[in-house]
Amino acid sequence: MLLALLLFLLPLAYSPGPGNLVFAAIGARYGWPASLAPSLGYHLATWLVTAAIGLGFASVASVAPALFVAIGYAGSAYILWLAVRFWAAGQLHQKGDTVKTSVWDGAVLLVFNPKAYVIIAAMFAQFLPPAPSVALVLWVTTVFTLNNLVAFSLWTVAGDLLLRRFRDPRQARLLNRGFALVLACVALWMLAR
């Protein structure tokens with residue numbers, strides 16, 4: 001089951017999505033070490049939300065579909081807000097440059113990421129029997145969270161490698177604006193769904 005679960009998650013976790021692109025942008029803007037706090041927040045929230053869905057939150061949410069619509073709009077707004085921050089950002093990672101990402105930023109990113117909810121629901125539909133044990137739900141939750149941690153870490157390192165290439169202030173502004181445009185497109189795509 002572990003191999004099947006990982007193969008199922010491979011294209012979902014490693015393909016570009018709101019979370020991956022935000023972490024690539026954080027890596028490019030501030031370097032890999034600055035991603036640790038938001039990554040902790042994102043993955044703690046991932047584990048908690050995934051466990052809640054696996055233990056029955058999905059049945060509550062299916063009774064209130066407006067909840068997912070609201071989460072989608074909030075997620076789009078949050079990604080657009082991040083895009084604006086990147087658009088306005090200046091030169092990359094200078095001495096005295098303050099890191100503007102936190103554990104809270106990571107948690108908010110997960111909570112308002114409707115793609116995550118869709119993936120979690122699809123995963124549980126495929127890998128849980130009708131009356132799963134709590135242990136099985138928590139095992140699948142943990143595998144899912146650790147797999148996402150690896151995927152996001154790879155995206156962050158890729159962003160960090162871009163940081164080393166774009167030290168020049170003009171190149172840095174182009175990179176920041178490129179990430180801003182990508183994040184804005186992701187937010188608009190989220191709204192259109």
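A residue counts as buried when its relative accessible area is under 20%. Phe-152 has a relative accessibility of 6%, so Phe-152 is buried. Phe-23 is likewise buried, at a relative accessible area of 1%. These values come from a predicted model.

Three aromatic pairs are present in the structure. One of them joins Phe-23 and Tyr-42 in an edge-to-face arrangement. The ring centres are 5.9 Å apart, and the planes are at 80 degrees. Phe-23 belongs to helix H2 (residues 18–30) and Tyr-42 to helix H3 (residues 36–63), so this pair ties together parts that are 19 residues apart in sequence. Both Phe-23 and Tyr-42 are buried.

Phe-23 also pairs with Phe-152. Here the arrangement is tilted, with 5.2 Å centre to centre and 45 degrees between the planes. Phe-152 lies in helix H7 (residues 134–165) and Phe-23 in helix H2, so the contact ties together parts that are 129 residues apart in sequence. Phe-23, Tyr-42 and Phe-152 together form one aromatic cluster.

Helix H5 spans residues 103–111. Its buried residues include Asp-105, Gly-106, Ala-107, Val-108, Leu-109 and Leu-110.

Technical notes
Residues numbered from 1 in each chain as written. Predicted model: local features only at pLDDT ≥ 70, side-chain atom pairs only at ≥ 80, totals over all residues. Heavy atoms only, no water. Phe/Tyr/Trp six-rings, centres within 6.5 Å; stacked < 30°, edge-to-face > 60°. Helix = DSSP H or I, 4+ residues; strand = E, 2+ residues; numbered from the N terminus. Buried < 20%, exposed > 50% of the residue type's maximum accessible area, 1.4 Å probe, protein only.
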